[in-house]
Amino acid sequence: MDLVTAIYRTTATFPKDELFGITSQVRRAAVSIPSNIAEGQGRLSEKEFRFFLGQARGSLMEVETQLQIAENLGYLQKEHTNKLLETCAEAGRILNGLLTSVSKQAGV
């Protein structure tokens, strides 16, 4: 959730002509991360939960890529990109730990 907040605050400074471009894309991908975790948690099986955790991890990779694109376009300073990417890395570690835990419970 902290990543989503940081992404929204960061993209508020992007050019207005990017509102329906990278701004919208990175925001949707960021929101998708906790949304998929929540949806997976609400499912009835560990297999479904693992699927949604995988979806969340894919969305996290999208965010990382889009942040690098935004930096390349000059919308972000390298230092800010690195800070956001570290937040992404932390979210990734949490996701991987959760995925490992759920997989162990399911005997996978």
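In which helix is leucine 95 found? In this predicted model, leucine 95 belongs to helix H4, which spans residues 78-106. The legends below begin with the whole chain and then turn to single regions.

**Figure 1. Overview of the protein chain, with 4 helices and 0 strands.**
From the N terminus on, the elements follow the order α-α-α-α. Along the principal axes, the C-alpha atoms fill a box of roughly 45 × 25 × 20 Å. The chain has 108 residues, and buried residues make up 36% of them. Among contacts between residues at least 6 apart in sequence, 64% join residues at least 24 apart.

**Figure 2. Surface and charges of the protein chain.**
The chain exposes about 6600 Å², of which carbon and sulfur atoms supply 54%. Its charged side chains number 12 positive and 12 negative. The centres of these two sets lie 4 Å apart.

**Figure 3. The buried side of helix H1 (residues 2-11).**
Five names mark this view: Leu3, Val4, Ile7, Thr10 and Thr11 are buried in H1. Because they cover an arc of only 130 degrees around the axis, they lie on the same side of H1. The face turned away from that buried side carries Asp2 and Arg9, and these residues are exposed.

Is leucine 95 buried or exposed? Leucine 95 counts as buried because its relative accessibility is 5%, and the cut-off for buried is under 20%. Leaving aside residues up to four places away in sequence, leucine 95 touches Ile33, Ile37, Leu53, Ala56, Arg57 and Leu60. Lysine 78 lies 17 residues from leucine 95 along the chain, and the C-alpha atoms of the two are separated by 25 Å.

**Figure 4. A salt-bridge network of Glu39, Arg43 and Glu48.**
Side chains of opposite charge can pair when their charged atoms come close. Glutamate 39 counts as partly exposed because its relative accessibility is 35%. Arginine 43, at 35% relative accessibility, is likewise partly exposed. For glutamate 48 the relative accessibility is 31%, so this residue counts as partly exposed. Salt bridges with shared partners join Glu39, Arg43 and Glu48 into one network.

**Figure 5. The salt bridge between glutamate 71 and lysine 78.**
Which residue meets glutamate 71 in a salt bridge? The partner is lysine 78, and the side chains are 3.8 Å apart from N to O. Lysine 78 has a relative accessible area of 48% and is therefore partly exposed.

Conventions: Residues numbered from 1 in each chain as written. Predicted model: local features only at pLDDT ≥ 70, side-chain atom pairs only at ≥ 80, totals over all residues. Heavy atoms only, no water. Helix = DSSP H or I, 4+ residues; strand = E, 2+ residues; numbered from the N terminus. Buried < 20%, exposed > 50% of the residue type's maximum accessible area, 1.4 Å probe, protein only. Contact = heavy atoms within 4.5 Å. Salt bridge = Lys/Arg side-chain N within 4 Å of Asp/Glu carboxyl O. Arc of directions from axis to C-beta. Areas by Shrake-Rupley, 256 points an atom, 1.4 Å probe, with all protein chains shown as cover. Lys, Arg positive; Asp, Glu negative; His and termini not counted. Charge placed at Lys NZ, Arg CZ, Asp CG, Glu CD.
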